[in-house]
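Hi,

Here is the structure I promised to pass on. Have a look, and my notes follow below.

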Amino acid sequence: MPRPLLKTALCEILGIEYPILLAGMGSRGKATPAELVAAISEAGGMGCIGGSGLTPEEIRSVIRKVRTLTDKPFGVDLLLPAKLAEAAKTRSEVRRQLREKFPEHVAFARRVLAEHGVPEREVANEVVISDTLIAAQLEVVFEERVSMFAAGLGDPSGMVPRARAMGMKVLGLAGTVANAQRHVKAGVDIVVAQGYEAGGHTGKIANFALLPQVVDAVSPVPVLAAGSIVDGRGVAAALSLGAMGVWVGTAFLVADECDIADGMKEQILKGRAQDFDIQRIYTGKTMRCYRNAMVEAWAKSGLDPLPMPYQKILGDDINESVAAAGKWELHSNPAGQGSGLLTSRKPARQIFEELVDSTHRAMHALQERVRLQ
């Protein structure tokens, strides 16, 4: 049986069969392991490694593993924050600064962990998001000559000329029209308009308002839609609003190949849309995640979130502690409001193929429901 046809100009730009991309989700490599990235590329889309929480050599290792599993195009997503607090360059030193400058925040974390019977643990590596780390991560992306780079946060203008010279496509994620225009000025090939509904680091404008405005503002640069697109109805809606394709994250978090904990997958499958809201407790940046016991304790504390990287180092150690104890009700779980439509775990290829098939059904159903003359 021939594969269904679903093509836009994006397919030609990226050399893929279907205009569906795996969002480059972080979670220290667990959300987008090599097996998931390769599965999406093999299915006809484009997989993307979420590399922000990985060391440069870890990124290199995942890239090379993906290449043992597929010869199809894939990308790497990194955070390029425009502003970072003045902090030390190692986790140990940032922890010392946290204890000296922000003792109430450290005390909060210790108190909540103790209340839940969780022994304190620390992330073993010394990696801290810094200009030095980002430069080293980018160097690996260039050396490995991946097909696509996604700036999940921040300004990619400094790396665009080198990427363009080697034929690497660059995506920029935007939550406002102004951000999208800045990406175009920086020279990106594709803009991802990410709506408020999305999981992880996201903005304040919902998809139905954001997407058509971004499309109008940056044309003819192609635009992808992101945010709670978990079935073909979402894909069809995005295409109807002018998108050339979609950037899908949450739907693939419950894929068999995704390496987040089973407890986190169950939260996504059982959670309602309203159970996923915007928090700053785990990274210091606005991030949509599952509202859990740690989030509720933070809301009651009255503490203000610290700037990145301080809050992220604090959040990383919280996650390390609760993961070791299997207390997933305290672990961060970034996911979008589309979680309310997800009901079961499946292989990534099946999720992908159902996205394509249900997009066909949604577009044909629209033709049957709406008469045009």
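Helix 8 gives the most to the lining of the second largest pocket, namely five residues. Helices here are DSSP runs of H or I with at least four residues, strands are E runs of at least two, and both are numbered from the N terminus. A pocket is an open set of points on a 1 Å grid over the protein atoms alone, where a 1.4 Å probe fits, with protein on both sides within 12 Å along at least five of seven lines; lining residues have an atom within 4 Å of a point. Strand 4 (148-154) and strand 5 (169-174) also give two or more residues to the lining.

Before going on: this is a predicted model, with local features needing pLDDT of at least 70 and side-chain atom pairs 80 or more, while totals for chains, interfaces and linings use all residues. Numbering starts from 1 along each chain as its sequence is written, and side-chain values use heavy atoms, without hydrogens or water.

Now the salt bridges (a side-chain nitrogen of Lys or Arg within 4 Å of a carboxyl oxygen of Asp or Glu): the structure holds 25. One of them pairs R162 with E139 at 2.9 Å, N to O. R162 sits in helix 7 (residues 160-165) and E139 in helix 6 (residues 131-144), so this pair ties together parts 23 residues apart in sequence. Another joins D262 and R345 at 3.0 Å, N to O. That one links distant parts of the chain, 83 residues apart: D262 is in helix 12 (residues 262-270), and R345 is in the loop between helix 14 (310-325) and helix 15 (348-369).

Cheers
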